[in-house]
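Subject: Structure handover

Hi,

Here is the structure I promised to pass on to you. Please have a look at it first, and then read my notes below.

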Amino acid sequence: MKILYCIEGLYNSGGMERIITAKANHFESKGHEVMIATVNQKCRHVFFDISANIKLIDLNINYDDISNDYIVKKIFTRYKKIKVHQLKLQSLVDEFQPDLIISTFGNEIEFLHKIKSIKRMKRIAEIHFSHDYRLMHGQSYLRKYIHKFLNIRFKKNISKLDAFVCLTEEDKLKWGNLRNLHVIPNFIERKADFPAQLNTNRAISIGRLTYQKGYDMLMHAWKNIATKYPNWNLDIYGDGELKDDLLKLRSDLELTNNVHFYPPTHNVYNVLQEASFYILSSRFEGLPMVLLEAMAVGLPIVSFKCPCGPLDLFGNNNAGILIPPENIDILSAEIENLIKNKSKRVEMGKASYNEVSKYLPDVVLEKWESLFDNLLHN
């Protein structure tokens, strides 16, 4: 079987890049021929380890070159780039002749249903965010209107594909009655050999330093913690466009000695095991890989009930505490509750470590293999 994945790039340390790399490695190890086509790689280093047998092709479209253009210019330039993108991807399909082409909901979603193949190639899209993620950024009325229009068009395009995969049951409800809709969650490669001890004065959060991740809200929540518990620290691992803004906010809130920023790490389990609980302050998600990894080391979790992911992961168990979205006061209060109550941390940590078994590779990848088999043979 020949599989072609389409993704913006593999240079980021994000959850989507991690899971696509892991899936590509898995299917290559099973004897399948795998290729990954990027559009914005620009010769940057691939962040996660990837098999040398996987072919990496950059189509050199570079949509991010227009990210700061004013809206009218951006619309017309994006249209031109999409036309080039379609021609290049069609040429790649003609050459590689995949059995499956899989979009990660990038710009190719505009034309994936139009890509032709002499084979009975199956077209799949998988989304790693929630249905309304484009509307959850702080943006002007015009941009919101454009994104609402795009959502309607994307749903129409998705309906023409052989399969569309979202990550959670919560998000599935937002897509309506699409006939080709499936739910397959993310997975972790393993559970830690032993759960974290939960005895350090340390909380942790991992993610890109972007508006989505809500680290501005998290630092405001931690201000109260730092006043009452100055010996407790918050460690944030990640990089991104808001780094300078967040460092300034840390200084303005007088949290320099209490909140620490570190670059992205390949040793995620190691840094998680040194913490006593995990905090997710995101405004929106898909199904956060880092929550699964925190559960894999037995960390209790405090999380905003953002769309989507946290509700599916621990809405019906004791692994985490769900906070009303963007409610900084309740977030701070629940953080304090975990700081004061180690027995609660231990109880939640056990639940977390047990619950994550549902998201191990054998369980999740079997769902992907079943989907592929049904598409190709039925």
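Which exposed residues does the face of H12 turned away from its buried side carry? They are Asp362, Glu366 and His377. Before I go on, please keep in mind that this is a predicted model.

**Helix H12**

Helix H12 runs over residues 361-377, 17 residues in all. From its first C-alpha to its last it reaches 23 Å, close to the 24 Å expected at 1.5 Å a residue. Its buried residues are Pro361, Val364, Leu365, Trp368, Leu371, Phe372 and Leu375. Those residues cover an arc of only 115° around the axis, so they sit on the same side of H12.

**Salt bridges**

The structure holds 18 salt bridges, and I picked out a few for you.

- Glutamate 293 pairs with arginine 18, with the closest N and O atoms 2.4 Å apart. Because glutamate 293 lies in helix H8 (residues 289-296) and arginine 18 in helix H1, the pair ties together parts that are 275 residues apart in sequence. Both ends are buried: glutamate 293 has 7% relative accessibility, and arginine 18 has a relative accessible area of 14%.
- Glutamate 33 forms a salt bridge with lysine 55, and here the closest N and O atoms are 3.0 Å apart. This pair links distant parts of the chain, 22 residues apart, with glutamate 33 in strand E2 (residues 33-38) and lysine 55 in strand E3 (residues 55-58). Glutamate 33 is partly exposed at 33%, and lysine 55 is partly exposed at 38%.
- Glutamate 110 and arginine 153 meet through their side chains at 2.6 Å, N to O. Glutamate 110 is buried at 10% relative accessibility, whereas arginine 153 is partly exposed at 31%.

There is also a network: Lys42, Arg44, Asp64 and Asp65 are joined into one by salt bridges that share partners.

**A nonpolar patch and a neighbour**

On the surface, Tyr70, Val72, Ile75 and Phe76 form a nonpolar patch with about 450 Å² of accessible area together. Isoleucine 75 belongs to helix H2 (residues 71-96) and is partly exposed, at 42% relative accessibility. Which residues does isoleucine 146 contact, leaving aside its neighbours within four places in sequence? They are Ile71 and Ile75. Isoleucine 146 is in helix H3 (residues 141-158) and is buried, with a relative accessible area of 19%.

**Backbone details**

Proline 307 and cysteine 308 are joined by a cis peptide bond, with omega about -5°. Cysteine 308 lies in the loop between strand E12 (301-304) and helix H9 (310-314).

Glutamine 97 is in the loop between H2 and E4 and is buried at 13%. Glutamate 254 is in the loop between helix H6 (243-252) and strand E10 (259-262), and is exposed at 64%.

Happy browsing!

Note on methods. Residues numbered from 1 in each chain as written. Predicted model: local features only at pLDDT ≥ 70, side-chain atom pairs only at ≥ 80, totals over all residues. Heavy atoms only, no water. Helix = DSSP H or I, 4+ residues; strand = E, 2+ residues; numbered from the N terminus. Expected span 1.5 Å × (residues − 1). Buried < 20%, exposed > 50% of the residue type's maximum accessible area, 1.4 Å probe, protein only. Arc of directions from axis to C-beta. Patch = residues over 30% accessible without salt bridge, like charges linked within 9 Å, V, L, I, M, F, W, Y side chains within 5 Å. Areas by Shrake-Rupley, 256 points an atom, 1.4 Å probe, with all protein chains shown as cover. Salt bridge = Lys/Arg side-chain N within 4 Å of Asp/Glu carboxyl O. Contact = heavy atoms within 4.5 Å.
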